Every structure is written in C-alpha cells, then in structure tokens.
Amino acid sequence: MTEEKIPTIQIADASKYVGQTVKIGGWLRQKRGSGKIVFLQLRDGTAFFQGVVAKADVDPDVFERAKELKQESSLYVTGEIRKDDRSSFGYEMAVHDLQVIGESHDYPITPKEHGTEFLFDERHLYLRHLKPFATLKIRNTLIAATYEFFNDEGFIKMDAPILTGSAPEGTTELFETDYFGEPAYLSQTGQLYAEAGAMAFGKVFTFGPIFRAEKSKTRRHLTEFWMIEPEMAFMDQEQSLHLQERYIAYLIEKVLERNDQELDLLKRDKDRLKSYTKLPYPRISYDEAIELLQANDFDIKWGADFGSPEETFLANHFDQPVFVLNFPKAIKAFYMKRHPTRDDVVISADLLAPEGYGEIIGGSEREVDYEYLKEQIIKQGLSLDEYGWYLDLRKYGPVPHSGFGLGLERLVTFVTGEEHIREAIPFPRMTHRLRP
Ligand code: 4AD
Ligand code: MG
C-alpha cells in the first residue's frame with residue numbers, strides 16, 4: 001500500500017479498521033519488552049492501546065527507535081489493527097513503521113507511585129494520565145448532557161456577568177478586585193441575573209465560573225468552580241424539585257451510556273450509579289432531618305446548618321440522593337420565599353448525594369413580594385443601591401418563580417466516585433493552590 005492510501009485514524013476508532021493498515025499520531029505512555037519485541041503503551045487523547053513492535057517484522061532501525069523511545073515522546077505509528085482479547089480496549093496495532101515527532105526526556109510522572117501534592121504540582125502533565133483522563137471525559141459528558149437536557153426542556157442559556165458589584169450569598173466569601181478605582185467582586189452566583197433572565201425568557205440557565213473565598217479546606221470545596229443555575233418563571237418549588245431530579249437522573253443515564261470505559265477505569269460501581277436514576281428521590285424536611293440526626297446521636301440543635309458528617313449520614317440513610325426541604329430562614333439567603341404558615345423556615349431544598357458526597361444542589365422558590373424582599377435586604381445588611389435592579393423584578397410584573405444551583409465539580413466527584421473534588425476540574429483552585 002502506498003503512503004497516501006494509508007488512513008490516519010484515532011485510537012478510539014480502531015475497531016472499525018481491523019485487518020487494515022493505518023497511521024496514528026500519539027504519545028508513548030510506557031514501554032516494556034525484550035530483545036525481540038517491544039510493547040508500546042500508546043495514547044492519543046481519544047483512548048489508550050498497545051502497539052507491538054516485533055524485531056522480526058520491521059526494519060532494524062524501526063526496532064531501534066522503538067527501543068530508544070522515552071515516556072511521553074510523541075510519535076506516528078503505522079501498522080495493522082488487530083483484535084486483542086487480553087486488553088480491556090480489545091484492539092492493538094502490529095507496528096510496521098514508527099516516526100518520532102518530538103522527544104521527551106526525564107518525564108517527571110514516572111510509572112511508580114507519586115504523592116497527591118506532586119501530581120497536582122504537575123497537573124499540566126498529569127492530565128495525560130488515566131484517572132484525570134477518565135474523570136474529565138465524564139465531566140465533559142455532564143456538561144454536554146446539561147445543554148441537551150435544558151435545550152430539550154425549552155430553556156435559554158443565558159450568561160451572567162463574572163464581575164459584579166454585590167454579594168448575594170453573604171459578604172464573607174468574596175474575591176474582591178479593583179474595578180477602575182471601585183471595588184468589584186468575582187461572582188459567587190449567577191442567580192440574580194438568571195432571575196432577570198427568567199422574567200425575559202421564561203426558562204433560563206446560567207453556566208459559568210463561580211468564586212468563593214471561603215477558607216474551607218475540605219474535600220468538597222474549591223475556591224473556583226462551575227455552577228449550573230436554572231431559573232424558571234411560573235414554577236413553584238414542587239415543580240422545580242421534579243425538574244431537579246429528572247435532570248440528575250438524565251445526567252447519570254448519559255454517563256452510563258457514553259462513558260462505560262471511563263467508569264470501568266475508575267472502578268465506579270455502575271449498578272449503584274444506575275440505582276440513582278430511579279425516581280422520585282426521597283424527601284425529608286429540615287425538622288425531620290434534625291430529629292433523625294438527634295435520634296442517631298448527633299449533637300445538633302434546630303437552627304444549625306449541616307456539616308459533612310450530618311449530610312453523609314442523611315443521604316446514606318436513604319441510600320439515594322435525598323432532598324432536605326425548608327431550612328431555617330436564618331441560615332439561608334435573603335431571596336428565598338417565606339413559608340406560608342411559618343416564620344422560621346423558607347421554601348428551599350438542598351439535594352444531598354449518597355456515599356458521602358454531600359450537597360450537590362441548593363435551590364429555592366424566590367420571594368416575590370417587593371416590600372418584604374426590601375426588608376430582607378436591609379436586615380441582611382445589604383445595600384439597597386446594589387439591589388435596586390433586583391427589586392425592579394418585583395416591581396414590574398412579578399410572577400412566582402424558582403431556581404437552583406448545581407455545583408458541577410461536586411456532581412463529577414459523585415458520579416466518578418472520586419475521593420476529592422480537586423480531581424473533578426482540570427486546574428483546581430483551592431485555598432493553598434493557585435498554580436499551575
Ligand atoms: O448552595 P449554593 O451556595 O447556592 C447558590 O449559590 C444559589 N444561588 C443557587 C441557586 O439557587 N441558583 O451553591 C449551589 C451549589 C452547591 O449545592 C454545591 O454543589 C456547589 O454549588 N458549591 C460548591 N462547589 C464546590 N466548591 C464550593 N466551595 C462550593 N460551594 C457551593
Ligand atoms: Mg448551599
């Protein structure tokens with residue numbers, strides 16, 4: 001076969017070329033072999049597989065080049081695709097020719113075990129390895145499926161600004177920056193803008209980066225993360241909860257459909273994941289949750305927010321994602337709707353994921369009464385100047401509306417079964433990490 005007729009393909013498509021000679025551009029992950037044969041572990045960004053270079057079948061210089069290859073050298077390999085039932089991928093290449101594109105020397109992430117801090121110091125390289133690859137492919141499915149779901153449901157994607165003049169989720173968690181001489185803050189939620197959008201387009205969602213300067217050093221907190229914030233006009237909290245559980249079940253189904261190999265790589269229990277697509281999710285009121293916790297020896301009083309042990313207990317108790325409804329007003333944001341008969345709670349819900357992953361969604365119905373909302377803004381020490389535009393939404397044709405925020409990385413961590421949220425984003429930002 002002449003050079004021009006050899007198709008250049010990607011590893012992921014290898015199954016379509018069994019028995020054919022193809023060319024693939026990729027990188028060398030690892031290599032082993034003897035004097036007669038070299039096994040090249042290759043990757044090209046779409047998948048991982050093996051190239052076999054047999055001394056007897058190739059030119060001597062091709063075999064020499066294969067033997068000399070170093071970890072993460074880039075190369076073209078040309079050869080025949082064949083079935084390989086011993087590997088989980090199922091195919092390999094019998095390499096006939098090999099061209100080095102770029103050399104690599106002393107690649108730092110050697111095949112031995114490395115500590116987590118080291119791997120994250122080398123995150124720009126670590127992205128090439130199996131675990132980040134699988135995790136971030138699943139993240140990509142969750143992003144794509146989010147757009148699909150909301151498009152199908154008639155939502156408009158509406159971007160909220162990242163530079164803002166105000167702090168709707170409380171003043172302690174802000175990154176401040178200088179905006180031509182006046183203070184500005186990196187957005188800690190897109191919600192208020194989403195509410196303006198809902199009054200214009202009916203159903204919208206924002207999906208952007210969120211910044212929180214909280215000094216929480218937990219396995220669930222990032223200082224920069226991505227949030228999906230749907231906001232729906234003419235929807236009450238009950239309708240919003242239905243939408244939320246359908247959305248989560250849809251996302252998990254899409255990952256099960258599209259990321260079988262990645263889930264296997266991460267050793268995620270797929271039957272367990274599948275069980276989280278069963279609806280409806282259980283619901284429990286905040287009051288009941290407190291009673292349940294107290295009955296199980298938690299030292300917690302009505303009015304307190306849940307920490308990680310409480311969230312873990314509650315969701316494990318149901319072995320399903322569980323909605324906790326109607327939190328105390330004192331621990332929630334000013335915009336949440338009053339309870340019709342109680343003064344001490346608001347119409348809100350957090351969705352807690354099982355297996356210790358904690359809160360993945362926070363949401364509520366929104367207060368629409370102008371005077372009441374104005375009072376809440378004043379009570380929480382927020383500036384009426386900053387929120388005048390938001391109050392306008394209650395001045396000109398207010399309607400019942402609800403919304404929620406899903407933390408993308410919390411969800412990725414849960415779906416992939418990772419231990420720590422830093423795995424769920426390409427370049428994590430945490431209290432002690434700003435680089436690379
Ligand atoms: O509960 P939160 O603070 O809700 C809001 O910001 C609302 N404005 C959302 C809305 O109603 N539109 O955050 C929502 C979600 C949490 O449930 C969690 O999944 C995630 O955002 N989250 C974080 N993820 C990673 N690191 C952090 N520091 C996070 N803080 C919140
Ligand atoms: Mg919350």
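Which residues in H4 meet which residues in H6? Ile138, Thr141, Leu142, Ala145, Thr146, Glu148, Phe149, Phe150 and Asp152 in H4 meet Leu243, Arg246, Tyr247, Tyr250, Leu251, Lys254, Val255 and Arg258 in H6, where contact means heavy atoms within 4.5 Å. By class, this contact of H4 with H6 has 10 nonpolar, two polar and five charged residues; Ala, Val, Leu, Ile, Met, Phe, Trp, Tyr, Cys and Pro count as nonpolar, Asp, Glu, Lys and Arg as charged, and the others, Gly among them, as polar.

A word on conventions: this is a predicted model, in which local features need pLDDT of at least 70 and side-chain atom pairs count only at pLDDT 80 or more, while totals for chains, interfaces and linings use all residues. Residues are numbered from 1 along each chain as its sequence is written, chains are lettered from A and ligands numbered from 1 in the order in which they are written, and side-chain values use heavy atoms, with hydrogens and water left out.

**Two helix pairs**

Helices (H or I, at least four residues) and strands (E, at least two) are DSSP runs, numbered from the N terminus. Axes are lines fitted to C-alpha atoms, for helices over the stretch in contact, and angles run from 0 to 180 degrees between N-to-C directions.

| Helix pair | Angle | Axis distance |
|---|---|---|
| H4 and H6 | roughly 135° | within 9 Å |
| H11 and H12 | about 160° | 10 Å |

H4 and H6 are therefore oblique to each other, and H11 and H12 are therefore roughly antiparallel; angles under 35 degrees count as roughly parallel, over 145 as roughly antiparallel, 65 to 115 as roughly perpendicular and the rest as oblique. In the second pair, Tyr370, Leu373, Lys374, Ile377 and Ile378 in H11 meet Leu384, Tyr387, Tyr390, Leu391, Arg394 and Lys395 in H12. These contact residues divide into eight nonpolar, no polar and three charged.

The term stands for a side-chain nitrogen of Lys or Arg within 4 Å of a carboxyl oxygen of Asp or Glu. Glu148 lies in H4 (residues 130–152) and Arg258 in H6 (residues 237–258), so the pair links distant parts of the chain, 110 residues apart. The structure holds 30 salt bridges.

Three strands form an open antiparallel sheet in the order S7-S9-S8, where two strands pair if DSSP finds at least two bridges between them. S7 (163–164) and S8 (176–179) are the edge strands, each pairing on one side only. S7 pairs with S9 (residues 182–186) over two bridges, and Thr164 has Tyr185 in S9 as its bridge partner.
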